[in-house]
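Trainee: Can we go through this model together? I'd like to start with how the terms are used.
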Amino acid sequence: MATIYVDDRPYEVDPAKNLLEECLSKGLDLPYFCWHPALGSVGACRQCAVKQYRDENDQRGRIVMACMTPAMDGARISIRDKDAVQFRAGIIELLMSNHPHDCPVCDEGGECHLQDMTVMTGHNYRGYRFGKRTFTNQQLGPFINHEMNRCITCYRCVRYYRDYAGGKDLDAFASHNHVYFGRHEDGALENEFSGNLVEICPTGVFTDKTLKQHYTRKWDLQTAPSVCAHCSLGCNTIAGERYGQLRRILNRYNAQVNGYFLCDRGRFGYGFVNGDRRLRQPRLLQDGESRPVSGAEALKRTALLLGRQSRVIGIGSPRASVEANFALRTLVGSRNFFSGMAPGEEHLVARMLHVLRGAGVRTPSLCEVESADAVLVLGEDVTQTAPLLALAIRQAVKQAPRRQAMQLRIPRWDDAALNEVMQQQKGPLYIATPAGTRLDEAATQCFRGAPDDVARLGFAVARALDATAPPVRGLSREERAAVQAIAGALRKAERPVVVSGSGCGSEAVVDAAAQVARALGGAGTANLCFTAAECNSFGLGLLNAMGTAEAFQRVADGLVDTVVVLENDLYRRVGRASVEAMLASAHVVAIDHSATDTVAGAEVAFPSGTFAETEGTMVNNEGRAQRFYQVFVPQGEVKPAWSWLGELAQAAGRTELTGLRSPDDLLAALGRAVAAFEGLPERVAGASFRVNGEKVPRLSPRASGRTAVSANVNVHEPKPPEDPDSPLAFTMEGYPQQPPSPLITRFWAPGWNSVQSLNKFQAEVGGALAGGDPGMRLIEPVANGAAAYTDEIPPAFRRRAGEFLVVPLHHIFGSDEQSAVAPAVAQRSPGPYAALSPEDAQTLGVQDGEFVEIELDGGMFQLPALLMSSMTVGVLGVPVGIGSLRGVDLPARSRCRRV
Amino acid sequence: MLSMLRTIWTVLLHLFRRPITVQYPEEKPYLPPRYRGRIILSRDPDGDERCVGCYLCSAACPVDCIALQAGERPDGRRYPEFFRINFSRCIFCGLCEEACPTYAIQLTPDFELCDYNRQNLVYEKEDLLINGPGKYPGYNFYRVAGLAVSGKEKGASENEDKPVDVKSLLP
Ligand code: SF4
Ligand code: SF4
Ligand code: SF4
Ligand code: SF4
Ligand code: FES
């Protein structure tokens, strides 16, 4: 700790930080542009000028950039000094000399850091009378809008895009006051994290193009804390609504999870909430025709199907909240509750949970992955299956070189100096997957092989780390060399992390990753990171559901009268024939937010709410239970799934769900029923929670149009909807100040309208939110058990003539069921294909784009061949969730021929 | 006693004053152009809608009686897809006009907004939009703004230089 004096007041600060960070941490307002807590300082904008004095007798002082000056003990600075104030006003005036007269038509307006800083420095009138510099804009794809005239040349965008996110196709062009930030030519930004430019750019150069389709100012959006529903990482988001439509997703900072960033799937995948595939009315299937009916009629019909004497089973869903799944489980009984995950995935999730709750391993948060100094990725294409984990790994590879550079006594925040020393050096990152991944470019070494070979590599690394682990026989020379290199790097590292998951569908790979983590030892260090397929896969896994395949078996055996399917498109889980058999031989009641094929075939369908229209808890890959809150009241007869289940039970005269009338009730019951969830209900801010006796408003005090929005329908405005289920209110009334961290509905502070106001919500800039980051870890390893090695090591993959091992290939845009239908994401999604190595293509005699036929699960699929030079020979990759190939458990062997 | 006499005297004097009562509605009072009555949306000198859907008027409105939705035309111009004022709530404070950066929304001297049915006081864009520039004849926002719209490319606004050639390093 050190003491600095700001305008003669002493402050206790951390000498490893710079003056700007510390001033902001202490709540002082100091304008800045180019510094960002995640990017560090470069001193490019000159906006954060303060006066520094040598000692208390120094009257003259000198102007320094706060972001480039360490917060050294005894430092004396002045923010209010006349010269400093004038200097900062001058800088803003310069920055504004070319700025267009755009605020009214600028999507950044009202949440613009440049506006805030201009007001803060007091620059009001334009003195510059000459021509303004202008630029032409570029088309940057469906996500990002470009309006280059508004640039103030702070360089944040390229520093983020290139240095932080590893993007290649955005750069600074030209020179002097002509510097241009864009691509070398028009085209979609390739990086998977391009959406963060919206929040990184302090001006309106890069704005959210999906928001533009239904533009709303920040102050008019009704917002609530939410959790991303598009992969297993559970990034925290703020979802905003206006006029009954979900209009944008913004990052919600959580130091332990997503920090400042989201991936493009999470940010732009919300379109499904407003889509025309939404189910808004219950439907009944009669004489092969589905027709909309009232809720009462649908309930009456269902009452017959769910009656006491009826044998009912329930199929849950990894994309439904734990509350909804638990409500179904309670209704049908735990012996009749099936997970609804694809059988392979379900098996892997159970396996991963088993490993993570055993001894010798611990799952890290994303933040901990970021600080790892050696990473081994086994079998997982993380950029596609758990995007933000890839971003974290890209930071992890900088740890080792940065640590070296910092030995030159360069502070952690001095980004330009560190980069100069580090150059392009990368710390150890080893990737072993069946096909090339986007992270390969950051890797020390990549290894290609079939899943079994990937697993063998892992097992061999474990053996090299610990001689008591079982050996792997028959490795090639190169493999042995790779194993030695990997083991050496992991052993040398202080915080090594192994990353794996269900992505390539192989249990051996999961086991191998666990084996490496155990061999690394060091109990208590976070060293094993798993990912699963969906947002609540782990939450569902913790509910100990029965296997999905068994549900189909029971129906086939004629032991079931009625199946209740919760938010699940079964066609994505098992083969078409199985689902059709189930639809034909049992009464199927589906509850879902969109009209999936399962809903179309169900006898009765009820419309449930999406993540934005309900409230619930999801458990992410770290085992972190996180609550998401309802953002708005949906149109039509849409209700939360748990609410429909309660009504179903009541209509059928069943008592299982009596007394469980809210998510709070369900969570409390869950905490009692399932040991893994013990303690969680007490930690969640439930419906009765109040801050100073008040609810937390979802609307900002500036929200407009209250007396006109519905005046065209009826001039007497309706009472605002009430929210009995959460501590948030659907109005602008309520606790006016900062709520506790899990209930942050928006980042805003007086004078700070942009996302930069986040500084005011953190205990210390760049650190945890004041009051702690939200979420509670449910998965912890047993404290002192012996870690046992498995010796089930698969034999090496052997090709068979004319036959391929078909493996799943994931896509950030297209593989996730919900985001895939969002218009912006759909534009970026690839079409169906069969990826082959060039050697195999030659053997088969196919060219790129020609069709091949594969046989899987009894079905024939014709797919255009895609030649992929990084594909393992003998392995064929098909995209997950894209095209007609659904419900097939992969990897699987298949014959393949040219058509 | 004295004050009573004075009051009677004053009243007496008023008998000889010119009456100021106006025979409204037969006789219309004079209202200055800046009187704050019924609100209109104006057009720019080229005849296009002025409103760019910036939401500033609705934010400024203390009774929240303005609601709109911003949209973008294929030619790049922003406009309100709908624009609604609930005059049964409006207090004619003029804050919307003050907030408007394009001079689109203006209050007029027409104060005769009476109806038996409140619903009739809800005005949509069709009811608000007039065929002229109102009080500010010359102003055209798109001639000043940096946004390119059809008929005005980048660099063609007032006080703007031609777009930079990013491939050139010349000063
Ligand atoms: S970037 Fe900010 S200051 Fe510039 S036009 Fe947009 S809102 Fe206005
Ligand atoms: S585009 Fe935005 S982030 Fe990039 S330099 Fe310009 S103002 Fe800064
Ligand atoms: S899809 Fe995954 S990585 Fe992307 S924002 Fe959502 S939770 Fe985060
Ligand atoms: S302030 Fe003016 S330009 Fe903006 S929405 Fe209102 S009328 Fe339109
Ligand atoms: S923030 Fe310090 S110079 Fe830009």
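Mentor: Helices (H or I, at least four residues) and strands (E, at least two) are DSSP runs, numbered from the N terminus. This is a predicted model, where local features need pLDDT of at least 70, side-chain atom pairs count only at pLDDT 80 or more, and totals for chains, interfaces and linings use all residues. Residues are numbered from 1 along each chain as its sequence is written, chains are lettered from A and ligands numbered from 1 in the order in which they are written, and side-chain values use heavy atoms, with hydrogens and water left out.

Trainee: OK, backbone first. Where is Arg409(A) found?
Mentor: Arg409(A) is in the loop between helix H14 (399-406) and helix H15 (415-422) of chain A. Its phi is positive, about 65°, although Arg409(A) is not a glycine.

Trainee: And is Arg409(A) buried or exposed?
Mentor: Exposed, because its relative accessible area is 77%. The cut-offs are under 20% for buried, over 50% for exposed, and partly exposed in between (1.4 Å probe, protein chains only).

Trainee: What about phi of Thr153(A)?
Mentor: Also a positive value in a residue other than glycine, near 60°. Thr153(A) sits in the loop between strand E7 (144-146) and helix H4 (156-164) of chain A. With a relative accessible area of 25%, Thr153(A) counts as partly exposed.

Trainee: Which residues does a cis peptide bond join in chain A?
Mentor: Leu890(A) and Pro891(A), with omega about 0°. Pro891(A) lies in the loop between strand E35 (875-879) and strand E36 (892-898) of chain A. In chain B, the peptide bond from Tyr24(B) to Pro25(B) is cis, with omega near 0°.

Trainee: How many disulfides does a search of the whole structure find?
Mentor: Zero, over all chains. The test is a pair of cysteine sulfur atoms within 2.5 Å.

Trainee: Last one: how much area do chain A and chain B bury between them?
Mentor: About 3700 Å², 52% of it on carbon and sulfur atoms. In chain A, Val105(A), Thr134(A) and Val715(A) lose the most area to chain B, together 16% of what that side buries. Buried area is the accessible area (1.4 Å probe) that two parts lose on being put together, summed over both.
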